[in-house]
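Please look through the sequence and the model shown below before reading on. The paragraphs that follow take up charged pairs, then the sheet, then the nonpolar cores.

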Amino acid sequence: MGIVINYCENYEEMSWQAAEIVAGEIKSKENFVLGLPTGSTPLGMYENLIEMNKSGKTDFSKITTFNLDEYYPIKRDNSQSYYKFMFDNFFGKININPENINIPDGEATDAKIECGTYDQKINHAGGIDLMVIGIGPNGHIGFNEPGNFLLPNTHVAVLTEETKEANKRFFDSVNEVPDRALTMGMGSIIAKSKKILMLVSGKSKANAFRQFLEGKITSGNPATFLYLHNNIIVLSDIEI
Ligand code: GLP
């Protein structure tokens, strides 16, 4: 218990270990509830999990998923929506029941109501058994950006210029990156997840990860709030 940090040789090793952890956890419980991130970091984990599903090693038919975040506003069929990302890279390739997939709705007419409903859905599912997250270059988790304060529950977040810059590689230009997003808050992540798996990949995360390792909780680096949880595994392909 507490925080376990595991350094991996490279991205492939990290992705394999992450998939093994997820697959092992899913097997341990009926109707498992899994929290999932987007970004380039988890892609290798998703590829491994897809293979495990194809080979019959891992069954996703009974799991329920909750995604961490989504741009707002954004159409589901927009090539950059996290909805599309998840179906293209994972959900569309495994035997999950589409009814059990939950992603904050970028098409919702009332973003605030959507955020409240999302937290209720997580509660109704009995919380999240394992929440997988990545980390942004500035320490953001989901779209919980560094600042003077953090909002605890699922909320509408305004993206920082830094995050828009980091995410622009997926869009035609930085101007196309939506200004806002719906994101689980650090409070929802910590209070509603029984276990958290954080993946740290690539040199661009070194500063944020170094600060995280100092162990001081600060809203200047949202990832540090994970120290308030007592069951965290960190897999990193960069050694600090
Ligand atoms: C985005 C997502 C985060 C993710 C981060 C890092 O901003 N909202 O949930 O952790 O990017 O992405 P990457 O893994 O591509 O570095």
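A salt bridge is taken here as a side-chain nitrogen of Lys or Arg within 4 Å of a carboxyl oxygen of Asp or Glu. This is a predicted model, in which local features need pLDDT of at least 70 and side-chain atom pairs count only at pLDDT 80 or more, while totals for chains, interfaces and linings use all residues. Residues are numbered from 1 along each chain as its sequence is written, and side-chain values use heavy atoms, with hydrogens and water left out.

By this rule, 10 salt bridges are counted, and among the residues involved Lys29, Asp129 and Lys194 are joined in a network of such bridges. Side chains of opposite charge can pair when their charged atoms come close. Arg76 pairs in this way with Glu107, with 4.0 Å between the closest N and O atoms. Because Arg76 lies in the loop between strand S4 (69-72) and H3, and Glu107 in the loop between strand S5 (101-102) and helix H4 (111-124), the pair ties together parts that are 31 residues apart in sequence; helices (H or I, at least four residues) and strands (E, at least two) are DSSP runs, numbered from the N terminus. Arg76, at 35%, is partly exposed, and Glu107, at 34%, is partly exposed.

Seven strands form an open sheet with parallel pairing, in the order S1-S10-S9-S6-S2-S3-S5, where two strands are said to pair if DSSP finds at least two bridges between them. Its edge strands are strand S1 (2-7) and S5, each of which pairs on one side only. Strand S3 (residues 64-67) pairs with S5 in the parallel sense over two bridges, and Phe66 stands opposite Asn102 in S5.

In soluble globular proteins, nonpolar side chains tend to be buried together. A nonpolar core is defined here as a set of buried Ala, Val, Leu, Ile, Met, Phe, Trp, Tyr and Cys residues joined through side-chain atoms within 4.5 Å. The largest such core has 31 residues, and those with the most contacts inside it are Val22, Leu34, Met45, Leu49, Phe90, Phe91 and Leu197. Two or more residues each are given to this core by several elements, including helix H1 (11-27), strand S2 (33-36), helix H2 (43-54) and strand S9 (193-200); H1 gives the most, with six residues. Taking contact as heavy atoms within 4.5 Å, Phe91 is in contact with Leu36, Thr65, Asn67, Met86, Ile96, Ile101 and Ile103, leaving aside its neighbours within four places in sequence. A second, separate core of 27 residues includes Ile128, Ile133, Ala206 and Ala208.

How values were computed:
Buried < 20%, exposed > 50% of the residue type's maximum accessible area, 1.4 Å probe, protein only.
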